[in-house]
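Me: Hello! Could you show me how to read a protein model, one feature at a time?

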Amino acid sequence: MLKKGQKFPEFKLENQNGEWITNETIKGSKTIIYFYPRDNTPTCTTEACDFRDNIEQFNDLNVQIYGVSGDTKKKHQNFIAKHNLNFDLLVDEDFQLSKAIGVYQLKKSFGKESMGIVRTTFIIDEDGVIIDVIEKVKVKTQIEELNQILG
């Protein structure tokens with residue numbers, strides 16, 4: 001898994017509208033890229049709605065927010081519409097970026113093992129360097145934790 005102080009890898013992912021988001025897109029402002037397992041599941045919905053409800057404070061700090069999962073553009077569009085999300089969701093259907101940064105891992109859920117995205121949040125500076133990584137995200141306290149990191 002990528003760590004604090006490392007450069008975030010080159011990436012090119014489509015958002016829910018088919019627009020390409022790349023390292024160039026995020027350059028020049030701090031960026032939160034959070035990885036989550038799946039649209040419209042209870043914990044993922046809570047996490048997305050927390051970002052939605054706190055978007056103003058991130059905007060005030062000039063921080064961009066992107067969510068990333070293996071879901072399709074269509075699923076992202078439905079998720080955004082259903083919950084009035086006010087930030088982009090990026091499509092990583094082949095898990096290329098998730099694998100490159102180490103968040104695509106073997107997970108255990110209800111006694112079953114499967115590969116998938118482990119909920120992880122990266123805070124990236126204006127030059128693409130990772131300021132911090134929140135592993136094993138606690139959705140209930142994540143916004144508070146991000147506020148402490150961003151100062």
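This is a predicted model: local features need pLDDT of at least 70, side-chain atom pairs count only at pLDDT 80 or more; totals for chains, interfaces and linings use all residues.

Me: How many helices and strands are in the chain?

Reply: Helices (H or I, at least four residues) and strands (E, at least two) are DSSP runs, numbered from the N terminus. The chain has 6 helices and 9 strands.

Me: What is the radius of gyration of the chain, and what would a compact globule have?

Reply: The radius is taken over C-alpha atoms, and the globule rule is 2.2 Å times the number of residues to the power 0.38. For 151 residues a compact globule would come near 15 Å, and the chain, at 14 Å, agrees with that. Its C-alpha trace spans about 40 × 30 × 30 Å along the principal axes.

Me: In which order do the strands form the sheet?

Reply: Strands of a sheet pair through backbone hydrogen bonds, either parallel or antiparallel. Two strands count as paired if DSSP finds at least two bridges between them. Here 7 strands form an open sheet with mixed pairing, in the order β2-β1-β5-β4-β3-β8-β9. The edges are β2 (20-22) and β9 (130-134); each has a single partner strand, so one side of each lacks a neighbour in the sheet. Neighbouring strands are turned by 30° against each other on average, direction ignored.

Me: Which strands run parallel, and which antiparallel?

Reply: Strands β1 (residues 12-15) and β5 (residues 88-91) run antiparallel and are joined by 2 bridges; E14 has V91 in β5 as its bridge partner. By contrast, β3 and β4 run parallel, with 6 bridges between them, and T31 is partnered by Q64 in β4. Strands β4 and β5 are also parallel, joined by 4 bridges, and G67 stands opposite L89 in β5.

Me: Is β4 largely enclosed or open?

Reply: Buried means under 20% relative accessible area, exposed over 50%, and partly exposed in between (1.4 Å probe, protein chains only). In β4, 6 of the 7 residues are buried, so the strand is largely enclosed by the rest of the structure. Across the chain, 45% of the 151 residues count as buried.

Me: Which strands do helices α2 and α4 lie across?

Reply: Angles run from 0 to 180 degrees between N-to-C directions, and axes are lines fitted to C-alpha atoms, for helices over the stretch in contact. Contact means heavy atoms within 4.5 Å. Helix α2 (residues 42-53) lies across β3 (30-35), β4 (63-69) and β8 (120-124), at about 165° to β3. Helix α4 (residues 73-83) lies across β1, β4 and β5, at about 160° to β5.

Me: What kind of unit do β4, α4 and β5 make?

Reply: A crossover is right-handed if, with the strands pointing away from the viewer, the path from the first strand over the helix to the second runs clockwise. Together β4, α4 and β5 make a right-handed β-α-β unit.

Methods:
Residues are numbered from 1 along each chain as its sequence is written. Side-chain values use heavy atoms; hydrogens and water are left out.
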